[in-house]
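Below is a brief report on one protein model. It covers the sheet, the helices packed on it and the salt bridges.

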Amino acid sequence: MAQFRTAQADTVIAPSLLAADFARLAEAADAVEGAVDWLHVDVMDNHFVPNLTLGPPIVKSLKAATDIPLDCHLMIENPDRWAPGYAELGAYNVTFHAEAAEDPVRLAKDLHAAGSKAGLAIDRDTPVEDYLDILPAFDTLLIMTIKAGFGGQAFMPELLAKVRTARAHADSGHLELRIEVDGGIADDTIAAAAEAGADAFVAGTAIYGAADPAEAARRLRARADAARSSG
(Lines give C-alpha, C1' and ligand atoms only; values in the text may rest on other atoms or scores of the structure.)
Protein backbone atom coordinates (compact mmCIF):
# COMPACT_ATOMS: atom_id res chain seq x y z
CA MET A 1 0.00 0.00 0.00
CA ALA A 2 2.96 2.33 -0.40
CA GLN A 3 1.22 4.39 -3.06
CA PHE A 4 -1.50 5.29 -0.56
CA ARG A 5 0.83 6.41 2.21
CA THR A 6 -0.48 9.99 2.03
CA ALA A 7 -3.81 9.19 0.42
CA GLN A 8 -6.85 9.75 2.58
CA ALA A 9 -7.72 6.53 4.37
CA ASP A 10 -11.40 6.81 3.54
CA THR A 11 -12.87 6.45 0.08
CA VAL A 12 -15.11 9.29 -1.07
CA ILE A 13 -18.06 8.60 -3.36
CA ALA A 14 -19.53 11.73 -4.93
CA PRO A 15 -22.57 11.23 -7.17
CA SER A 16 -22.83 13.83 -9.90
CA LEU A 17 -26.12 15.69 -9.96
CA LEU A 18 -25.54 16.28 -13.66
CA ALA A 19 -27.02 12.79 -14.13
CA ALA A 20 -29.99 13.44 -11.84
CA ASP A 21 -33.39 14.90 -12.68
CA PHE A 22 -32.90 18.66 -12.40
CA ALA A 23 -36.56 19.04 -11.38
CA ARG A 24 -35.99 16.73 -8.38
CA LEU A 25 -32.56 17.53 -7.02
CA ALA A 26 -33.62 17.41 -3.38
CA GLU A 27 -35.06 13.94 -4.02
CA ALA A 28 -31.83 12.96 -5.75
CA ALA A 29 -29.92 13.96 -2.64
CA ASP A 30 -32.31 12.02 -0.41
CA ALA A 31 -31.90 8.94 -2.62
CA VAL A 32 -28.23 8.61 -1.71
CA GLU A 33 -28.30 9.88 1.87
CA GLY A 34 -26.15 7.67 4.07
CA ALA A 35 -24.48 5.93 1.13
CA VAL A 36 -22.26 8.73 -0.23
CA ASP A 37 -19.82 11.30 1.11
CA TRP A 38 -20.29 14.34 -1.15
CA LEU A 39 -22.75 15.55 -3.77
CA HIS A 40 -20.89 16.65 -6.88
CA VAL A 41 -22.37 19.82 -8.34
CA ASP A 42 -21.31 20.48 -11.93
CA VAL A 43 -21.34 24.22 -12.58
CA MET A 44 -21.02 25.04 -16.29
CA ASP A 45 -21.30 28.51 -17.82
CA ASN A 46 -21.63 27.85 -21.58
CA HIS A 47 -18.30 29.65 -22.05
CA PHE A 48 -15.50 27.59 -20.52
CA VAL A 49 -17.43 24.50 -21.62
CA PRO A 50 -20.23 24.33 -24.20
CA ASN A 51 -22.99 23.57 -21.72
CA LEU A 52 -25.06 25.44 -19.15
CA THR A 53 -26.07 23.79 -15.91
CA LEU A 54 -26.32 24.66 -12.22
CA GLY A 55 -25.34 27.89 -10.48
CA PRO A 56 -25.43 29.73 -7.15
CA PRO A 57 -29.23 29.67 -6.61
CA ILE A 58 -29.27 25.89 -6.96
CA VAL A 59 -26.29 25.50 -4.62
CA LYS A 60 -28.04 27.69 -2.06
CA SER A 61 -31.21 25.60 -2.31
CA LEU A 62 -29.30 22.33 -2.11
CA LYS A 63 -27.44 23.50 0.96
CA ALA A 64 -30.78 24.06 2.67
CA ALA A 65 -32.21 20.73 1.46
CA THR A 66 -29.46 18.27 2.37
CA ASP A 67 -26.74 17.68 4.93
CA ILE A 68 -24.52 15.92 2.38
CA PRO A 69 -21.41 18.07 1.78
CA LEU A 70 -21.50 19.85 -1.59
CA ASP A 71 -18.54 19.34 -3.91
CA CYS A 72 -18.81 22.18 -6.42
CA HIS A 73 -16.87 21.68 -9.65
CA LEU A 74 -16.67 25.02 -11.46
CA MET A 75 -16.26 24.60 -15.21
CA ILE A 76 -16.46 28.34 -15.71
CA GLU A 77 -14.49 31.31 -16.93
CA ASN A 78 -13.10 33.78 -14.41
CA PRO A 79 -13.24 31.55 -11.33
CA ASP A 80 -11.07 34.12 -9.52
CA ARG A 81 -14.18 36.30 -9.41
CA TRP A 82 -16.93 33.73 -8.93
CA ALA A 83 -15.52 30.81 -6.95
CA PRO A 84 -15.48 32.41 -3.46
CA GLY A 85 -19.21 32.97 -3.73
CA TYR A 86 -19.78 29.21 -3.73
CA ALA A 87 -17.73 28.88 -0.57
CA GLU A 88 -19.78 31.64 1.02
CA LEU A 89 -22.96 29.72 0.16
CA GLY A 90 -21.67 26.82 2.24
CA ALA A 91 -20.08 24.48 -0.29
CA TYR A 92 -17.75 22.02 1.41
CA ASN A 93 -15.27 21.89 -1.45
CA VAL A 94 -14.94 24.33 -4.37
CA THR A 95 -12.89 23.13 -7.31
CA PHE A 96 -11.96 25.39 -10.21
CA HIS A 97 -10.08 24.67 -13.42
CA ALA A 98 -6.39 25.41 -13.67
CA GLU A 99 -6.92 26.39 -17.30
CA ALA A 100 -9.30 29.21 -16.32
CA ALA A 101 -7.71 30.72 -13.22
CA GLU A 102 -5.40 33.73 -13.29
CA ASP A 103 -3.76 32.95 -9.96
CA PRO A 104 -4.67 29.47 -8.66
CA VAL A 105 -2.76 29.75 -5.38
CA ARG A 106 -4.29 33.10 -4.49
CA LEU A 107 -7.75 31.76 -5.31
CA ALA A 108 -7.14 28.71 -3.11
CA LYS A 109 -6.33 31.08 -0.24
CA ASP A 110 -9.50 33.06 -0.95
CA LEU A 111 -11.58 29.88 -0.84
CA HIS A 112 -10.05 28.83 2.46
CA ALA A 113 -10.74 32.29 3.86
CA ALA A 114 -14.37 32.01 2.70
CA GLY A 115 -14.79 28.73 4.54
CA SER A 116 -14.43 25.92 2.00
CA LYS A 117 -11.76 23.51 0.94
CA ALA A 118 -9.99 24.32 -2.33
CA GLY A 119 -9.72 22.04 -5.32
CA LEU A 120 -7.75 22.32 -8.55
CA ALA A 121 -9.17 20.64 -11.66
CA ILE A 122 -7.10 19.47 -14.62
CA ASP A 123 -8.91 18.88 -17.93
CA ARG A 124 -8.21 16.06 -20.36
CA ASP A 125 -5.56 17.81 -22.44
CA THR A 126 -3.73 19.62 -19.63
CA PRO A 127 -0.45 18.15 -18.32
CA VAL A 128 -0.59 17.65 -14.58
CA GLU A 129 3.17 18.21 -14.34
CA ASP A 130 2.63 21.95 -14.90
CA TYR A 131 0.82 22.20 -11.56
CA LEU A 132 2.60 19.80 -9.24
CA ASP A 133 4.57 22.53 -7.49
CA ILE A 134 1.43 24.37 -6.33
CA LEU A 135 -0.45 21.33 -5.01
CA PRO A 136 0.46 22.10 -1.36
CA ALA A 137 -1.99 25.02 -1.61
CA PHE A 138 -4.89 22.66 -2.32
CA ASP A 139 -6.98 20.07 -0.52
CA THR A 140 -8.17 18.29 -3.66
CA LEU A 141 -6.82 17.65 -7.14
CA LEU A 142 -9.58 16.72 -9.58
CA ILE A 143 -8.33 14.92 -12.67
CA MET A 144 -10.78 14.64 -15.53
CA THR A 145 -10.96 11.17 -17.06
CA ILE A 146 -13.02 12.58 -19.94
CA LYS A 147 -13.20 15.99 -21.62
CA ALA A 148 -14.95 18.42 -19.28
CA GLY A 149 -18.37 19.65 -20.29
CA PHE A 150 -20.75 16.74 -20.81
CA GLY A 151 -21.95 13.80 -18.76
CA GLY A 152 -22.18 10.25 -20.03
CA GLN A 153 -18.82 10.14 -21.83
CA ALA A 154 -16.69 7.00 -21.97
CA PHE A 155 -13.87 6.65 -19.45
CA MET A 156 -10.39 7.28 -20.88
CA PRO A 157 -7.97 4.95 -19.06
CA GLU A 158 -4.89 6.62 -20.51
CA LEU A 159 -5.65 9.67 -18.34
CA LEU A 160 -4.92 7.61 -15.23
CA ALA A 161 -1.24 8.29 -15.92
CA LYS A 162 -1.92 11.77 -14.49
CA VAL A 163 -3.36 10.20 -11.35
CA ARG A 164 -0.25 8.06 -10.90
CA THR A 165 2.01 11.07 -11.40
CA ALA A 166 0.05 13.18 -8.92
CA ARG A 167 -0.12 10.41 -6.33
CA ALA A 168 3.62 9.78 -6.56
CA HIS A 169 4.25 13.50 -6.13
CA ALA A 170 1.88 13.71 -3.16
CA ASP A 171 3.54 10.69 -1.56
CA SER A 172 7.05 12.04 -2.02
CA GLY A 173 6.07 15.40 -0.55
CA HIS A 174 3.86 13.92 2.19
CA LEU A 175 0.95 16.04 0.99
CA GLU A 176 -2.49 15.61 2.51
CA LEU A 177 -4.07 15.75 -0.91
CA ARG A 178 -7.25 14.06 -2.00
CA ILE A 179 -7.14 12.99 -5.64
CA GLU A 180 -10.55 12.95 -7.27
CA VAL A 181 -11.42 11.46 -10.66
CA ASP A 182 -14.37 12.59 -12.74
CA GLY A 183 -15.68 11.06 -15.94
CA GLY A 184 -16.94 7.62 -16.86
CA ILE A 185 -16.51 6.21 -13.34
CA ALA A 186 -18.59 3.03 -13.08
CA ASP A 187 -18.45 -0.56 -11.85
CA ASP A 188 -15.97 -1.52 -14.56
CA THR A 189 -13.64 1.49 -14.24
CA ILE A 190 -13.50 2.52 -10.58
CA ALA A 191 -11.00 -0.16 -9.56
CA ALA A 192 -8.44 1.01 -12.13
CA ALA A 193 -8.80 4.59 -10.93
CA ALA A 194 -8.37 3.49 -7.32
CA GLU A 195 -5.32 1.40 -8.16
CA ALA A 196 -3.79 4.45 -9.87
CA GLY A 197 -4.05 6.41 -6.62
CA ALA A 198 -7.42 8.15 -6.64
CA ASP A 199 -9.35 8.25 -3.38
CA ALA A 200 -12.42 10.29 -4.42
CA PHE A 201 -14.73 9.23 -7.23
CA VAL A 202 -17.36 11.21 -9.10
CA ALA A 203 -20.02 8.99 -10.65
CA GLY A 204 -23.08 10.24 -12.48
CA THR A 205 -24.90 7.76 -14.67
CA ALA A 206 -23.52 4.81 -12.70
CA ILE A 207 -25.43 6.05 -9.64
CA TYR A 208 -28.38 8.07 -10.86
CA GLY A 209 -29.00 5.78 -13.82
CA ALA A 210 -29.41 2.84 -11.45
CA ALA A 211 -32.72 1.58 -10.10
CA ASP A 212 -31.34 1.97 -6.57
CA PRO A 213 -28.84 4.87 -6.47
CA ALA A 214 -27.79 4.21 -2.88
CA GLU A 215 -27.03 0.56 -3.57
CA ALA A 216 -25.10 1.55 -6.71
CA ALA A 217 -23.00 3.95 -4.62
CA ARG A 218 -22.32 1.26 -2.01
CA ARG A 219 -21.22 -1.15 -4.73
CA LEU A 220 -18.84 1.44 -6.18
CA ARG A 221 -17.38 2.06 -2.75
CA ALA A 222 -16.81 -1.65 -2.19
CA ARG A 223 -14.97 -1.95 -5.52
CA ALA A 224 -12.81 1.08 -4.79
CA ASP A 225 -12.03 -0.08 -1.25
CA ALA A 226 -11.02 -3.51 -2.52
CA ALA A 227 -8.74 -2.04 -5.17
CA ARG A 228 -7.13 0.40 -2.73
CA SER A 229 -6.52 -2.26 -0.08
CA SER A 230 -4.86 -4.58 -2.58
CA GLY A 231 -2.69 -1.87 -4.13
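Buried means under 20% relative accessible area, exposed means over 50%, and partly exposed lies in between (1.4 Å probe, protein chains only). By that scale Asp80 is buried at 15%.

This is a predicted model: local features need pLDDT of at least 70, side-chain atom pairs count only at pLDDT 80 or more, and totals for chains, interfaces and linings use all residues. Residues are numbered from 1 along each chain as its sequence is written, and side-chain values use heavy atoms, without hydrogens and water.

**Sheet.** Helices (H or I, at least four residues) and strands (E, at least two) are DSSP runs, numbered from the N terminus. Two strands pair if DSSP finds at least two bridges between them. Eight strands form an open, parallel sheet in the order β1-β8-β7-β6-β5-β4-β3-β2. Its edge strands are β1 (12–15) and β2 (39–44). Strands β6 (140–144) and β7 (178–182) pair over five bridges. Thr140 stands opposite Arg178 in β7.

**Salt bridges.** A salt bridge puts a side-chain nitrogen of Lys or Arg within 4 Å of a carboxyl oxygen of Asp or Glu. The count is eleven. Three of them are tabulated here.

| Pair | N to O distance |
|---|---|
| Arg106 and Asp80 | 3.8 Å |
| Asp187 and Arg219 | 2.9 Å |
| Arg218 and Glu215 | 3.4 Å |

Arg106 lies in helix α4 (104–114) and Asp80 in helix α3, so their bridge ties together parts 26 residues apart in sequence. Arg106 is partly exposed at 42%. Arg218 and Glu215 are three residues apart in helix α8, about one helical turn. A network of salt bridges links Asp10, Arg167, Arg178 and Asp199.
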